[in-house]
Amino acid sequence: MELAWNVVLLFIGFVLLLKGADYFVDGAVGIAQRFHIPQIVIGLTIVAFGTSAPEAAISIVAGIGGSADLSVGNILGSNIMNILLILGLTACIRPLKVQKNTVRYEMPFLIGISVLLAAMGYLEQELTLSSGLILWGVFLCFFAYLITQAKKGGDEGETGEKKSIWMILLMTAGGLAAIVFGSQLTVDNASAIATAMGMTDRLIGLTIVAFGTSLPELITSVTAARKGSADIAIGNIIGSNIFNILFVLGTTSLITAVPYQRAFLLDGIIGIAAAAFLMVTTAKDRVLRRWAGLVMLIAYAGYFAHLLMTA
């Protein structure tokens, strides 16, 4: 009976995360659009940060609560899922055109920080205060780059129906509150289910929690692709993965030491390979085509099968 109640609360937590992120993104994008920020910058910053908010809340709460394995597993699992599953599915729905700067700068940057994370974690076997300072230093450099991109201008995001500034602020604050509360429910009940089923924090972080926290990215990217806003779809995923590593794990390791199991190295390598595949397949004509999306989905199915077999 207690396990069934944990499942119900886990579902409620996911719903709060999903709807909270939805309102948070809508409110944040509404604020950004009033300043006429280009779509790709919105995708890489406001939308990426908003859809990464569940990962941030869960990882920080898990780290403070002593389930640090859930923090690393959540981030690595989400990053792999974001590229292979979400972009793969999105590309199968509609081929995605990619900005030149995204292929030239942001994708290599994502690969670079993924390598940095794997190296720090493998060599030190934990992310410490110094690791957090390094990640935050790189994050500030990335943010400075985004500011220069915003100043260059470009295609502006569509403003759509005007909402009052108070409504936008209410949506943003309410969405953030739902994310924080939902993350607490998710962490507590996911850990309880993992214990009852004999699953490790690493496995549940890489699968159940990663899927739950990746739902905002999935909804945002698929919706953006269907509406023809490819900049939002691609920028959302690349930006979310960058935020996950630099901001989320950087902040978590500033608060508490985060153990990095040797087993996470394989997950890190898969994340690097996924980002490299994305860059290589879009480098020539800057389009993520359906065949590449299908390859991504098959690769994720193989990775998921591996997780289940080695659980």
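## Exercises on rings and burial

At 7% relative accessibility, F139 counts as buried, because buried means under 20% relative accessible area, exposed over 50% and partly exposed in between, with a 1.4 Å probe and protein chains only. The model is predicted, so local features need pLDDT of at least 70 and side-chain atom pairs 80 or more, whereas totals for chains, interfaces and linings use all residues. Residues are numbered from 1 along each chain as its sequence is written, and side-chain values use heavy atoms, leaving out hydrogens and water.

**Exercise 1.** Classify the ring pair of F139 and F243, and state which helices it ties together.

*Solution.* 
- Start with the rule: rings of Phe, Tyr and Trp (its six-membered ring) pair if their centres lie within 6.5 Å; planes under 30 degrees apart are stacked, over 60 edge-to-face, and the rest tilted.
- The structure holds 11 aromatic pairs.
- For F139 and F243, the centres are 5.5 Å apart and the planes stand at 75 degrees, so this pair is edge-to-face.
- Next, place the residues: F139 is in helix α5 (residues 129-152) and F243 in helix α8 (residues 230-255), so the pair ties together parts 104 residues apart in sequence. Helices here are DSSP runs (H or I, at least four residues), as are strands (E, at least two), numbered from the N terminus.
- Finally, check F243: at 3% relative accessibility, this residue counts as buried.

**Exercise 2.** How far is R262 from the ring centre of Y122?

*Solution.* 
- The criterion is NZ of Lys or CZ of Arg within 6 Å of the ring centre and within 35 degrees of the ring normal.
- R262 lies over the face of Y122, at 4.3 Å from the ring centre.

**Exercise 3.** Is W5 buried or exposed, and where does W5 lie?

*Solution.* 
- W5 belongs to helix α1 (residues 2-33).
- At 51% relative accessibility, W5 counts as exposed.
- For context, 53% of the 311 residues of the protein count as buried.
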